[in-house]
Amino acid sequence: MNDRTSPPDFSVVICVYTEDRWEDILAAVDSVRNQSLPARETLLVVDHNERLLSRLTEEYADARLRGEVRVLANAGPRGLSAGRNTGIAAARGDFVAFLDDDAVAERDWLHHFAAAYDDPRVMAVGGRTLPAWASGRRPAWFPEEFDWVVGCTYRGLPPGRVPVRNVLGGNASFRRTAFDAAGGFATGIGRDGDRRPLGCEETELCIRLSTALPGAILLIDDRAVIHHKVPTARERFDYFRTRVYAEGLSKALVAVSVGAQKGLESERRYTTRVLPAGVLRGVRDALRGRSGGAGRAGAIVTGVTLAAGGYALGRLRARRGGTTFAWGPIERAAVPPAAGGRTGRTAGHEDTVLDGRTAEGAAS
C-alpha cells in the first residue's frame, strides 16, 4: 500500500432486491464484517422493495449507529447498475468493493484487493468466484468454461494476479477516482431483479474506464476469493440456455457503447481457443466413458450458438433503434444518507448522461 501506516479504506456495496435471499444477505454482510482488513463500511442498497428496506434497516440499526452498516434505497431506476451507482455516491471510502448478495467473501478478500493497489496505476481489482452448488456438486453436464453463467470464474481466465480487460462485477473493487474519470455503471444494461438474466454492465464500464484513462491497469487476483451460491434452478439446462442467450443480447449493448473491436476483444480468444479445447476435452471424456463428457461438449456448442443468436438479434434491434441506456457522473452525497433515505443523486438516473451521450441498444 502506498501509505503502510494507513491501509486503504474500503466501502463494500451489496445490492439486494428480494427477501427470498434474507439469510444469504446476512451471511454476505457477516463475511465483510469479519475481514482481516476491516472495511470502513458496508452499504446495503435495496432495489425498490420497501418491505426489505424496512426489515434491513431494523436489522442493522445498531450497526448503523456504529458506522459499520448503512441501508440505502436505490436512488435510480430499478436494476443492478443504478443500485451500484447509489452505493458509489454514498461511499465514504477511497475504494469501493462490490459483493453479490448471495455470496460470502473469504477472510482475506479485502486484504488481497488492497495489496494490488500499491501501484497507483491500478484502478480496479477483481477476484476469483467459486460456485457453491445447491445440490452439493457441479452438474456432470455443466462445463467449467461456462461458469460465468452462474456468476463465477470460468476456465480460460489466467491464474495469479494478472491484467484483464474487465473485472467481474460480483467480486470486484475500484478506486473511487475511477468513477470520477469514467462515470458510473450504465443503466439499461445488466440485471433487473428477476427479469431476463442480462449482464455485462461491468464489462462496459471497464472498457469505458480504460478509454478515459489509457494508462489504467485492471487486475484479477485469484487469491481474493468469494463463494457464490448457485440455487437449484440455476443448475438446470433451461437456465443455462436462457442465460447464454441473454449474454449475447448484453454483448450487443456493449458493442454499441464501446465498439465491437473493444467489446468483443476477449471473447474472440475465448471462442476460438478456450471453447474448442473444452469441446475436445468433453468428447475425449465421452470416448473414455467418463460421466458428463458428451453433455459438456454439447452444452458448449449450444451455448456458443445461443449467445451468437442473441448477439445478432441485439445488433439488429440496435440498428432499429432499440432501448436507450445511459451513464453519467457520480455525484458524491454531501451528507451520508439516513438509513433507508434517498439522498444523493447518481448516474442511475436516465436523464443524467456523461457529456450528453447516450447509446442505443437492444431491448431486454
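Me: Where does His48 lie?
Reply: His48 is in the loop between strand S2 (41-46) and helix H2 (50-59). Helices (H or I, at least four residues) and strands (E, at least two) are DSSP runs, numbered from the N terminus. This is a predicted model, in which local features need pLDDT of at least 70 and side-chain atom pairs count only at pLDDT 80 or more, while totals for chains, interfaces and linings use all residues. Residues are numbered from 1 along each chain as its sequence is written, and side-chain values use heavy atoms, with hydrogens and water left out.

Me: What is the phi of His48?
Reply: Phi of His48 is near 55 degrees, which is a positive value in a residue other than glycine. Most residues other than glycine have a negative phi.

Me: Is His48 buried or exposed, or partly exposed?
Reply: His48 counts as partly exposed, at 33% relative accessibility. Buried means under 20% relative accessible area, exposed means over 50%, and partly exposed is in between (1.4 Å probe, protein chains only).

Me: What is the mean pLDDT of the protein?
Reply: The mean is 85, and 82% of the residues reach 70 or more. pLDDT is the predictor's confidence in each residue, from 0 to 100.

Me: Where does pLDDT stay under 50?
Reply: That happens over residues 335-364. For residues 335-364 the model has 100 contacts beyond four places in sequence, a contact being heavy atoms within 4.5 Å.

Me: How many helices and strands are there?
Reply: The protein has eleven helices and eleven strands. Of its 364 residues, 53% are buried. Among contacts between residues at least 6 apart in sequence, 81% join residues at least 24 apart.

Me: New topic. How many salt bridges are there in the whole structure?
Reply: A search finds 25. A salt bridge is a side-chain nitrogen of Lys or Arg within 4 Å of a carboxyl oxygen of Asp or Glu.

Me: Which residue forms a salt bridge with Glu19?
Reply: Arg51 does, with the closest N and O atoms 2.8 Å apart. Glu19 lies in the loop between strand S1 (10-16) and helix H1 (22-33) and Arg51 in helix H2, so the pair ties together parts that are 32 residues apart in sequence. Arg51 is exposed, at 59% relative accessibility.

Me: And what about Arg155 and Glu144?
Reply: Their side chains meet in a salt bridge, 3.4 Å from N to O. Arg155 lies in the loop between strand S6 (122-133) and strand S7 (161-163), and Glu144 is in the loop between S6 and S7, so the pair ties together parts that are eleven residues apart in sequence. Arg155 is partly exposed at 34%, and Glu144 is partly exposed at 35%. Salt bridges that share partners join Glu144, Glu145, Arg155 and Arg281 into one network.

Me: Where is Arg175?
Reply: Arg175 is in strand S8 (residues 171-175).

Me: Which backbone oxygen lies 2.6 Å from a polar atom of the Arg175 side chain?
Reply: The backbone oxygen of Val122 does. Leaving aside neighbours within four places in sequence, the contacts of Arg175 include Asp94, Phe95, Tyr117 and Val122.

Me: Where is Pro139 found?
Reply: Pro139 is in the loop between S6 and S7, and it counts as buried at 12% relative accessibility. Not counting residues up to four places away in sequence, Pro139 touches Trp133 and Glu235.

Me: How many of the residues of helix H5 are buried?
Reply: Six of the eight residues of H5 (residues 109-116) are buried, so the helix is largely enclosed by the rest of the structure. Among the buried ones are Trp109, Leu110 and Phe113.

Me: Last one. How many disulfides are there?
Reply: The count comes to zero, where a disulfide is a pair of cysteine sulfur atoms within 2.5 Å. Cys15 is buried at 14%, and Cys152 is buried at 0%.

Definitions and conventions
Polar contact = N/O pair within 3.5 Å; in protein donor to acceptor, adjacent residues only side chain to side chain.
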